[in-house]
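Trainee: I have a chain on the screen and would like to read it step by step. Can we go through it together?

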Amino acid sequence: MEIGLTYSSKDPKHIKTCEFVRNYIRERGILARITESDRRVPVPRMTINGCCVSGGSFRKKVRSAREKFPSMSDIARALEQNLWSL
């Protein structure tokens, strides 16, 4: 599995999100390569095997413009769904 992360290293919420992804992969023994890009983005973006899974596809319910940041459970769900589809 190829995971791409685009985030801003100046935002503590972005760092926390990236650490969550790294730990999630490591703790479950998932064979994945994580490619990271540090850019000024409003919310972290994640791709799995070249497909974007950020934005609306992270979430079960629609959020307002102020709540665009993905929750950890949304990210975990996206990783699990893609893991089982391999």
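Trainee: What share of the 86 residues of the protein chain count as buried?
Mentor: Keep in mind that this is a predicted model. A residue counts as buried under 20% relative accessible area. Of the 86 residues in the protein chain, the share that passes is 35%.

Trainee: Which pattern does the protein chain follow along the sequence?
Mentor: Start with the inventory. The chain has two helices and four strands. Read along the sequence, they give the pattern β-α-β-β-β-α.

Trainee: What is the order of the strands in the open sheet?
Mentor: Work from the pairings. Six bridges join β1 to β2, and four join β1 to β3. Two bridges join β3 to β4. The order of this open sheet, with mixed pairing, is therefore β2-β1-β3-β4.

Trainee: Which are the edge strands?
Mentor: An edge strand pairs on one side only. In the order β2-β1-β3-β4, look at the two ends. The edge strands are β2 and β4.

Trainee: Do β1 and β2 run parallel or antiparallel?
Mentor: Check a few partners across the pair. G4 stands opposite T35 in β2. Y7 has D38 of β2 as its bridge partner. β1 and β2 run parallel.

Trainee: Which residue in β3 is the bridge partner of T6?
Mentor: Move to the pairing of β1 with β3. These strands run antiparallel and are joined by four bridges. In β3, the partner of T6 is R45.

Trainee: What is the bridge partner of T47 in β4?
Mentor: Here β3 meets β4. The two run antiparallel, with two bridges between them. The partner of T47 in β4 is C52.

Trainee: How many residues of β1 are buried?
Mentor: β1 spans residues 2-7. This strand is mostly covered. Of its six residues, the number buried is five.

Trainee: How far does α1 reach from its first C-alpha to its last?
Mentor: Count residues before you check the span. α1 has 17 residues. At 1.5 Å a residue, the expected value is 24 Å, and α1 comes close to it. Its reach is 24 Å.

Trainee: What arc do the buried residues of α1 cover around the axis?
Mentor: The buried residues are H14, T17, C18, V21, Y24 and I25. An α-helix has 3.6 residues a turn, so residues three or four places apart point the same way.

Trainee: Which exposed residues sit on the face of α1 turned away from its buried side?
Mentor: Exposed means over 50% relative accessible area. Go to the face opposite the buried side of α1. The exposed residues there are P12, K16, R26 and E27.

Trainee: Which residues touch the most other members of the largest nonpolar core?
Mentor: This core has 16 residues. The ones that touch the most other members are I3, L5, V21, I25, M46, I48 and L79.

Trainee: Which residues does I25 touch, not counting those up to four places away in sequence?
Mentor: I25 is one of the buried residues of α1. What remains is I3, I30, A32, I34 and L79.

Trainee: Is S8 buried or exposed?
Mentor: S8 lies in the loop between β1 and α1. Leaving aside neighbours within four places, S8 contacts H14, I15, D38, R39, R40 and V41. Its relative accessible area is 9%, so S8 is buried.

Trainee: What is the phi of N49?
Mentor: N49 sits in the loop between β3 and β4. Most residues other than glycine have a negative phi. N49 is not a glycine, yet its phi is positive, about 50°.

Trainee: What distance separates the C-alpha atoms of V53 and I75?
Mentor: V53 is in the loop between β4 and α2. At 9% relative accessibility, V53 counts as buried. V53 and I75 are 22 residues apart along the chain, and their C-alpha atoms are separated by 8.6 Å.

Note on methods. Residues numbered from 1 in each chain as written. Predicted model: local features only at pLDDT ≥ 70, side-chain atom pairs only at ≥ 80, totals over all residues. Heavy atoms only, no water. Buried < 20%, exposed > 50% of the residue type's maximum accessible area, 1.4 Å probe, protein only. Core = buried A, V, L, I, M, F, W, Y, C linked by side-chain atoms within 4.5 Å. Contact = heavy atoms within 4.5 Å. Expected span 1.5 Å × (residues − 1).
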